[in-house]
Amino acid sequence: MGKVIAVCTSCEKGTIKRNVGRAEVVLAHGLLGDAHAGDGQRQVSLLSFQKITEFRQRGAKVEFGDFGENLVVDGIDFSSLSSGTLLNCNDIVLEITQIGKECKSRCSIYEKMGDCIMPREGVFAKVIKSGFISVGDEMNVCSSSDSYRVWIITASDKCFKGEREDKSGLVVQEIASNAGFLISGSSLFPDDQDKLENELKDICDNNLADLILTTGGTGLSPRDCMPEASLSIAHRLVPGIAEAMRAASMAITPAAMLSRCVAVIRGSTLIINLPGSPKAARENLEPIIGTLHHGLDTLTERSSECAKK
């Protein structure tokens with residue numbers, strides 16, 4: 001996990017970027033108002049705070065933005081990552097597209113110091129999902145070639161209004177992380193079917209996660225609509241998952257028969273509904289989480305072997 005130290009933009013190309021503290025990050029564009037944003041593969045530039053600190057210790061007097069970087073982040077060594085890695089900050093998702101950059105001409109920093117860290121330490125990314133970013137925000141590396149990515153969606157009017165803490169989302173995150181999944185993002189929405197449908201489609205169609213775990217909105221209340229949202233955008237159903245969850249929960253409480261949770265597939269993403277209470281979410285997720293890796297191996301075609309003899 002990293003922490004955003006600076007958010008930098010410049011109004012014109014050829015001018016030094018300066019820390020503006022907060023900016024809107026626009027899908028397939030970059031930081032709004034930054035002269036270097038656009039529809040290419042280098043929409044956002046990032047540099048590790050530690051690398052800037054090391055450069056300053058060599059006597060360089062550099063400010064955030066002097067290397068042309070948009071984001072300075074403490075706690076993540078960007079140069080150690082590979083192209084295709086996803087970064088998550090708030091609602092924003094960035095995909096690293098390039099490590100380092102060959103400079104066409106020597107910058108003023110190189111002329112003074114005989115060196116510049118951006119060509120070897122900086123990385124570039126494209127925007128996969130929009131949002132706002134501010135100094136102090138947390139950033140996470142949320143994908144690797146070996147782990148499946150999970151996105152957690154909480155549907156709750158009260159949590160969305162701030163009237164109740166989203167404890168269920170934290171429980172789901174804990175179980176998924178302990179099972180080896182990478183948390184690629186989380187969302188909190190009211191019980192609004194249109195908004196939930198749009199979020200599910202956005203995550204699936206932009207390949208932001210291999211697995212979506214939703215919590216809340218699965219009961220009999222007139223406002224509960226998560227199963228309807230999931231079924232509306234589904235390409236295929238996976239009824240066995242919901243059946244297994246209800247069977248496990250029924251062994252604990254007969255109230256489990258009232259759950260309307262469903263499991264569906266859209267594209268190459270598996271979507272599983274979970275109840276809204278922390279206790280019920282745990283009772284439903286823990287019995288199935290161990291089998292999901294095999295299901296995702298098949299869904300994403302990492303493994304074509306459906307049975308082992």
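Guide: We'll go from the sheet to its strands, then to the helices and the surface.

Guide: One caution: this is a predicted model.

Visitor: Fine. What's the strand order in the sheet?

Guide: The order is β13-β12-β14-β17-β16-β15. That makes 6 strands in an open sheet, with mixed pairing.

Visitor: Which strands stand at the edges?

Guide: β13 (182–189) and β15 (236–237). Each has a single partner strand, so one side of each is left without a neighbour in the sheet.

Visitor: How many bridges join β15 to β16?

Guide: There are 2, and the strands run antiparallel. Arg236 has Ile265 in β16 as its bridge partner.

Visitor: Which helix packs on the sheet there?

Guide: Helix α8, residues 239–250. Helix α8 touches β15, β16 and β17. Its direction makes about 30° with that of β17.

Visitor: Let's do β17. How many of its residues are buried?

Guide: 6 of the 6, so β17 is largely enclosed by the rest of the structure.

Visitor: Which side chains point which way?

Guide: Thr269, Ile271 and Asn273 point one way. Leu270, Ile272 and Leu274 point the other way. In a regular strand, side chains alternate between the two faces of the sheet.

Visitor: And the pairing with β14, parallel or antiparallel?

Guide: Parallel, over 5 bridges. Thr214 has Asn273 in β17 as its bridge partner.

Visitor: What about β16 and β17?

Guide: Antiparallel, over 4 bridges. Ile265 stands opposite Leu270 in β17. The two strands form a hairpin with 2 residues between them.

Visitor: Which turn residue has a positive phi?

Guide: Gly267, at about 65°.

Visitor: Switching to α9. Which residues are buried there?

Guide: Ala280, Ala281, Glu283, Asn284 and Leu285 are buried in α9, which spans residues 278–285.

Visitor: What covers them?

Guide: The cover includes helices α5 (167–178), α8 and α10 (289–299). Strands β14 (211–215) and β17 are also part of the cover.

Visitor: Now the outside. Which residues form the nonpolar patch?

Guide: Leu220, Met250, Met257 and Leu258. Together they have about 420 Å² of accessible area.

Visitor: Where is Leu258?

Guide: Leu258 is in the loop between α8 and β16. Its relative accessible area is 45%, so Leu258 counts as partly exposed.

Definitions and conventions: Residues numbered from 1 in each chain as written. Predicted model: local features only at pLDDT ≥ 70, side-chain atom pairs only at ≥ 80, totals over all residues. Heavy atoms only, no water. Pairing = 2+ DSSP bridges. Contact = heavy atoms within 4.5 Å. Axes fitted to C-alpha atoms, helices over the stretch in contact; angles between N-to-C directions. Buried < 20%, exposed > 50% of the residue type's maximum accessible area, 1.4 Å probe, protein only. Patch = residues over 30% accessible without salt bridge, like charges linked within 9 Å, V, L, I, M, F, W, Y side chains within 5 Å. Areas by Shrake-Rupley, 256 points an atom, 1.4 Å probe, with all protein chains shown as cover. Salt bridge = Lys/Arg side-chain N within 4 Å of Asp/Glu carboxyl O.
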